[in-house]
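Have the model open as you read.

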Amino acid sequence: MIKVIYPGTFDPITRGHEDVVRRAAGLFDEVVVAVAGSRSATLFTQDERISMAQEIFVSYGNVRVTGFDGLLMNYVRAQGARVVLRGLRAVSDFEYEFQMAGMNRSIHPDVETLFLTPAEQYTFISASMVREVARFGGDVSKFVSPSVAAKLVEKRFI
């Protein structure tokens, strides 16, 4: 059984994130969407981000959403996983992700990092861009699920 950990802050979770998870669910026995606690300010609390992701992935039998704090590689080990999944939207993401994969490999050489790209229509979407568009009253309904858009409204962010 191959368990993959898909970590991120998911603030908020976007259609691009959803696409990566949907595709990973078809490739792996278990996908753990690991919502990171954040040392920097986030729009949504960790519990809110977990709840949004759980709502989105409720129909996926092999997707589980959890939170984690601390070093990712410690969490991966605690989960009994050997694969970390990262999404790459553009070449600009690659350099950072490549460095992170190298650091993670140096900490735990038995853990592999795999990269998936989202479908082309999602390659330009980032959570920070969604927050920025929403902050100025733009329509983000193409970029996030209806439930996430509603949460943005609840935050009086749109």
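An open sheet of 5 strands runs in the order 3-2-1-4-5, with parallel pairing. Strands here are DSSP runs of E with at least two residues, helices are runs of H or I with at least four, and both are numbered from the N terminus; two strands pair if DSSP finds at least two bridges between them. Strand 3 (63-68) and strand 5 (112-116) each have a single partner strand, so one side of each is left without a neighbour in the sheet. From one strand to the next, the twist averages 30 degrees (axes are lines fitted to C-alpha atoms, for helices over the stretch in contact, with angles from 0 to 180 degrees between N-to-C directions).

This is a predicted model: local features need pLDDT of at least 70, side-chain atom pairs count only at pLDDT 80 or more, and totals for chains, interfaces and linings use all residues. Residues are numbered from 1 along each chain as its sequence is written, and side-chain values use heavy atoms, leaving out hydrogens and water.

Now look at the pairings. Strand 1 and strand 2 are parallel and share 6 bridges, with Pro7 partnered by Ala34 of strand 2. Strand 4 (residues 83-87) is joined to strand 5 by 5 bridges, and Val83 has Glu112 as its partner there.

How many residues of strand 2 are buried (under 20% relative accessible area, with a 1.4 Å probe and protein chains only)? The count is 7 of 7. Glu30, Val32, Ala34 and Ala36 are buried on one side, and Val31, Val33 and Val35 on the other. In a regular strand, side chains alternate between the two faces of the sheet.

Notes: Buried < 20%, exposed > 50% of the residue type's maximum accessible area, 1.4 Å probe, protein only.
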